[in-house]
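This report describes the nonpolar cores and the aromatic contacts of the structure shown below.

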Amino acid sequence: MTVDNKIENDLYVRLINYAFKKADAVMFVSRKDGFTRKDITRLDKTIFDTKQLLKSSFLKSRNGSYWVFMKVGYAHLGIGKDPDGFQQLFEVLFYETSDEVKEYLLTNRNLYNWLNPKYPEDLAFFKDGYCWLYSVAHEEICEIYCENKEEYEYLRSIGIEFSEKEFVPTTKEDLYFEIYK
C-alpha cells in the first residue's frame, strides 16, 4: 500500500517502533553510481562507521544493482552494456532488528533522509524473508504491505496516510523475497 504523507519526526519514531515489533531484518544500500569522488569518500566512511556500529547485528551483504524496488543499470534501461565493475558500485546490507540498529535508525528522523552519502539509502524492513516496508528516499516513495485490515487500520491510527482508502490485500507471491539468515 502506498504511503501518501511524509514519514518524519514523531510519525517516523512511531513507524520505526512498530517496524521493530513486526520485522526481523532491516536492509539498506550503499550506492556509488553518480557521485563525485568527494561524496564517495564520504560514503565509504559512512558505510565503514555504520558497519562498525552495527557489526553485532550483521546478517549479510551482497553486491548488485538490484534490491526491493530498484534495478539499476544501463542494460536494464536498454541503453547499452553495464560497464565492468558496475555491480560492485552497490552494496546491499542486511541487519537483524536489534536495539543497536533501532537506536541507529532513530538518529535520523525522516524516512526520506536516508540518502547517500550521509546515510545508507533505501531503508526497508523484512519479516521471514519477505519485504514488509520499502522506501526509495530520493523519490519519496514508501510502500507497506499490510497483512490484514487490522494492521492497515493501526498504521492509519498512528498517522500513516495511504493512497488506498481501504485495505487491499497483497499476496506473498507479490512480495520481494530475499534470504538473509
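## Nonpolar cores

The largest nonpolar core comprises 37 residues, and those with the most contacts inside it are Leu105, Leu123, Phe125, Ile144 and Leu155. Helix α1 (residues 9-22) supplies the largest share of this core, 7 residues. Apart from it lies another core of 18 residues, including Val29, Met70, Phe126 and Cys131. A nonpolar core is a set of buried Ala, Val, Leu, Ile, Met, Phe, Trp, Tyr and Cys residues joined through side-chain atoms within 4.5 Å; buried means under 20% relative accessible area, exposed over 50%, and partly exposed in between (1.4 Å probe, protein chains only). Helices (H or I, at least four residues) and strands (E, at least two) are DSSP runs, numbered from the N terminus.

The model is predicted: local features need pLDDT of at least 70 and side-chain atom pairs pLDDT 80 or more, while totals for chains, interfaces and linings use all residues. Residues are numbered from 1 along each chain as its sequence is written, and side-chain values use heavy atoms, with hydrogens and water left out.

## Aromatic pairs

The whole structure contains 18 aromatic pairs (ring centres of Phe, Tyr and Trp, the latter by its six-membered ring, within 6.5 Å; planes under 30 degrees apart are stacked, over 60 edge-to-face, the rest tilted). The pair of Trp114 and Tyr119 is tilted, with centres 4.8 Å apart and planes at 55°; both residues are buried.

Tyr134 and Tyr145 also form a tilted pair, at 6.4 Å centre to centre and 35° between the planes. Tyr134 lies in strand β5 (residues 130-136), and Tyr145 in the loop between β6 (141-144) and α5 (149-157). Tyr134 counts as buried because its relative accessibility is 7%.
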